Amino acid sequence: MSNNSNGYLTAEELSIQNHLCMLPFGDASDDYSTDWTKEELKYYQHYIVEGNPIDTMFKAFIFNPIRVRENYFIHSMHTGLGKLARNNDWLQIIERLFMDDVNLDALHQNTKYGEKTDVWITIPYPNPLQERFGHVFGNNLNFVNDADRIKAVQWWIDCFMMRWEEKTNLHDKLVLRGFAWQRESINSGDEALVKASNEYIHKHQLLSIWPFNYGSSGCLTWKEFGYDAATANPNYYGNTEIDTNWITNTSVFAKHYHTGMQINYGKGATYNSTHIYDYLNLGLTNEFIENCLLLYQFHDQTMKQIYEEDFTAYIQIYSFIKNIYQEFRYPGITY
């Protein structure tokens, strides 16, 4: 990482592609879908007009596992909704990521020859409530113990890397950049785990990134945990008590602590219909449209749905990625 600690963290200083897009991998809904198809991903990877790709869009993706089988949750946010994930769930993440015609293979097929797509993989979180994770190297791991949690993460990274190295057919278009940490805050019980995990990632000569919540535990000292990159989530969604000042406040924090930013666009009761434009407009005001590492999360919707249901938003997101965005005033809204 650059020694420069002034201003936003940039993709250039990390030698990675900017505008990372988070892809949830199996969600919490009853009709969840684990796998990303070529058809779904093309609306992320390409700017589509009248059904035809006319330009590139996102060139970097983070696969974030939530669950891969019914009622067994990997993501820590869903603890209590079902059963805790076990070793076979963690292995199934890898199996599904490398299936033919979906996920990594679909990204590869949608990437034109001569172009590159960056790939990041979120490490499944070893929940300390899981006392019976299953056998790893002959030992039944109990996540009450820090040593077992570290062992599980290192084992899983090795399993993933083994499959990645076998899949040489993906390497001409996909670039594995590294791993992301799943929890958006780091409490004292996770500090040793995080540091050990990042050290192990670096042994593979890969990068580690942390998408964190603005104001969460650990965000002030993110570099001390060994992360190469971090992006701040303002937690602004439009229909909560958190107003647009949080975007500005987060941008001030990001500049001071040399992190990137996150942009959220979702559907549901938490989100209003114009919150995406608050992010984009304030991206101009606070200058994170350029010279800032940006991570996007699309909650409870896909880019295909955005294209079909709100083409205006699709156009504006594209223009923001391309740094040609101009302040947008949504009709009927008083600013």
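Where is Asp300 found?

## Backbone with positive phi

Asp300 is found in the loop between β14 (294-299) and α8. Helices (H or I, at least four residues) and strands (E, at least two) are DSSP runs, numbered from the N terminus. Although Asp300 is not a glycine, it has a positive phi of about 60 degrees. Its relative accessibility is 64%, so Asp300 counts as exposed; the term exposed stands for over 50% relative accessible area, buried for under 20%, and partly exposed for values in between (1.4 Å probe, protein chains only).

Ser15, a residue other than glycine, also has a positive phi, near 60 degrees. Ser15 lies in the segment before β1 (20-25) and counts as exposed at 53% relative accessibility.

## Basis of the values

The model is predicted: local features need pLDDT of at least 70, side-chain atom pairs count only at pLDDT 80 or more, and totals for chains, interfaces and linings use all residues. Residues are numbered from 1 along each chain as its sequence is written, and side-chain values use heavy atoms, with hydrogens and water left out.

## Aromatic pairs

Rings of Phe, Tyr and Trp (its six-membered ring) pair if their centres lie within 6.5 Å; planes under 30 degrees apart count as stacked, over 60 as edge-to-face and the rest as tilted. By this rule the count comes to 34 aromatic pairs. One of them is the tilted pair of Tyr43 and Tyr307, with 5.0 Å centre to centre and 45 degrees between the planes. This pair links distant parts of the chain, 264 residues apart: Tyr43 is in helix α1 (residues 38-45) and Tyr307 in helix α8 (residues 303-309). Tyr43 is buried, with a relative accessible area of 6%, and Tyr307 is buried with a value of 16%.

The pair of Trp210 and Tyr227 is stacked, because the ring centres are 5.4 Å apart and the planes are at 15 degrees. Trp210 lies in strand β11 (residues 207-213) and Tyr227 in the loop between β11 and β12 (229-233), so the pair ties together parts that are 17 residues apart in sequence. Trp210 is buried at 0% relative accessible area, and Tyr227 counts as buried at 3%. Both belong to one aromatic cluster, formed by Trp210, Phe212, Tyr214, Tyr227, Trp246, Phe253 and Tyr257.

## Lysine positions

Lys173 lies over the face of Tyr113, at 3.8 Å from the ring centre. A charge sits over a ring if NZ of Lys or CZ of Arg is within 6 Å of the ring centre and within 35 degrees of the ring normal.

Lys223 is found in the loop between β11 and β12 and is partly exposed, with a relative accessible area of 37%. Lys223 and Tyr257 are 34 residues apart in sequence and 9.3 Å apart in space, C-alpha to C-alpha.

## Cysteines

A search of the whole structure finds zero disulfides, a disulfide being a pair of cysteine sulfur atoms within 2.5 Å. Cys292 is in no disulfide; the nearest cysteine sulfur, that of Cys219, is 15 Å away. Cys292 is buried, with a relative accessible area of 1%.

## Helix packing

Helix α7 (residues 275-285) and helix α9 (residues 311-321) pack at an angle of about 25 degrees, with their axes 11 Å apart. That makes α7 roughly parallel to α9; angles under 35 degrees count as roughly parallel, over 145 as roughly antiparallel, 65 to 115 as roughly perpendicular and the rest as oblique. Axes are lines fitted to C-alpha atoms, for helices over the stretch in contact, and angles run from 0 to 180 degrees between N-to-C directions.
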